[in-house]
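Hi,

Here is the structure I promised to pass on. Please have a look before reading my notes.

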Amino acid sequence: MVFNAGSAKADSGRCTANSPRKTRLPSIQKLKEDGVAYRLSSDGKTVEAPEDRVPELRLEMASIGLPKSGRIGFEIFDKTNFGMTDFAEHINYQRALEGELERSVMAISQVEQARVHVSFPQESVFTEARQPAKASVLIRLRNGAQLPESAVPAIMHLISSAVEGLSPDAVSVLDVRGNLLNRAKRTSDHNEETSEAALDYQRKVEQSLAAKLESTLEPLVGNGKFRTAVSADVDMSSGDQSEENFDPAKSVMVSSQTTEDGSTGSRVTAGVPGTASNLPDAAPRPSNSGGGASRRTENVSYQSSRTVKHTVLPQGTIRRLSVSILLDNEVHNEGTGANAKRTLTPPSPERLKTIRDLASAAIGLSMDRGEPADRRKSSI
């Protein structure tokens, strides 16, 4: 009989153990108290008991809460202790949080065992004395299991989301062999980070295009009868581009304004100053009459046709592709019996042209990008 410190899986009266040996000590103590004969395995990870008593002992251990989990979680606060100091309560909270995080990480199917250490942020009135929150995760994978690439960032975000003030970049994930699973980001050398990201992206592009070539040519050429290689020139620069064009041949009226002013003439009676003009029944003198006047003003504004274009340049544009395909010769057997011999025949030009056209269409060779489909850049 094997007592499991975590979740037990029954298999012919045996259970696999996923926790350190020290977590199974209460089970051994219980067997000693009951006088049950037991035996430890050579690796010290399993406890064996008589097969006929396995069901009885399993029920008895389960009734008293054994085996217990390796790390305690928030159930540590189920019992109230009024005499606990603030420091002890803080330590218990840290232990409970680490235990809960370990259980969450071990919920991943590939992870057999996990260990989490959390360092809470230290506040201070002095800026240089402040310490950010940090965490480390130690995991052990199951035999033959491989952790997917997306699992490590998921573990980092899982730990950082559970701890206040913890950044995902401050979480270190490593395995029991001491291999760092997450690449630390260097804040001091930005150019090195950019170059590494560019190389990773270029490698993924080349692998994706090579996979397309293999899946396309394999039904035609045959499995194992060709080799492909792809080299991609990727532009990792990005930015914004604004362009403004004027067309003088095309103009349009923007505004038009017309103003008209007009005036009419008025009759004026003129006289001679003196006594004659002031006498009654004096004959009036001839008057001068002025003619009417008008003025019209028109203002029209024209503007040439204008085109404004704003373009966002994406990152990771493929500037050029170089593709090479190595084909195997065709093998023919000539003659029979002792005179039989093998002859190697190279592919015909028509077959080479068909393969070249098919490969160019599969990976998107573009003439506008400066990739001539000849033997220089698409060699077969």
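Below is what I found, starting with confidence.

This is a predicted model. The chain averages a pLDDT of 76, and 74% of the residues score at least 70. By element, strand S6 has the highest mean pLDDT, 91. Strand S1 (residues 10-11) has the lowest, 34. The pLDDT is below 50 over residues 1-24, a stretch with 57 contacts in the model beyond near neighbours in sequence. It is also below 50 over residues 374-378, where there are 12 such contacts.

Then the hairpin. Strands S14 (residues 330-334) and S15 (residues 341-345) run antiparallel, joined by five bridges. Glu-330 has Thr-345 in S15 as its bridge partner. Six residues sit between the strands, and in this hairpin Gly-335 takes a positive phi near 85°.

Glu-48 lies in strand S4 (residues 47-48). Its relative accessibility is 18%, so Glu-48 counts as buried. What joins its side chain to that of Arg-39? A polar contact of 2.6 Å.

Best wishes

Terms used:
Residues are numbered from 1 along each chain as its sequence is written. This is a predicted model: local features need pLDDT of at least 70, side-chain atom pairs count only at pLDDT 80 or more; totals for chains, interfaces and linings use all residues. Side-chain values use heavy atoms; hydrogens and water are left out. Two strands pair if DSSP finds at least two bridges between them. Helices (H or I, at least four residues) and strands (E, at least two) are DSSP runs, numbered from the N terminus. Buried means under 20% relative accessible area, exposed over 50%, partly exposed in between (1.4 Å probe, protein chains only). A polar contact is a pair of N or O atoms within 3.5 Å; within protein, one must be able to donate a hydrogen and the other to accept it, and residues adjacent in sequence count only if both atoms are side-chain atoms. pLDDT is the predictor's confidence in each residue, from 0 to 100. Contact means heavy atoms within 4.5 Å.
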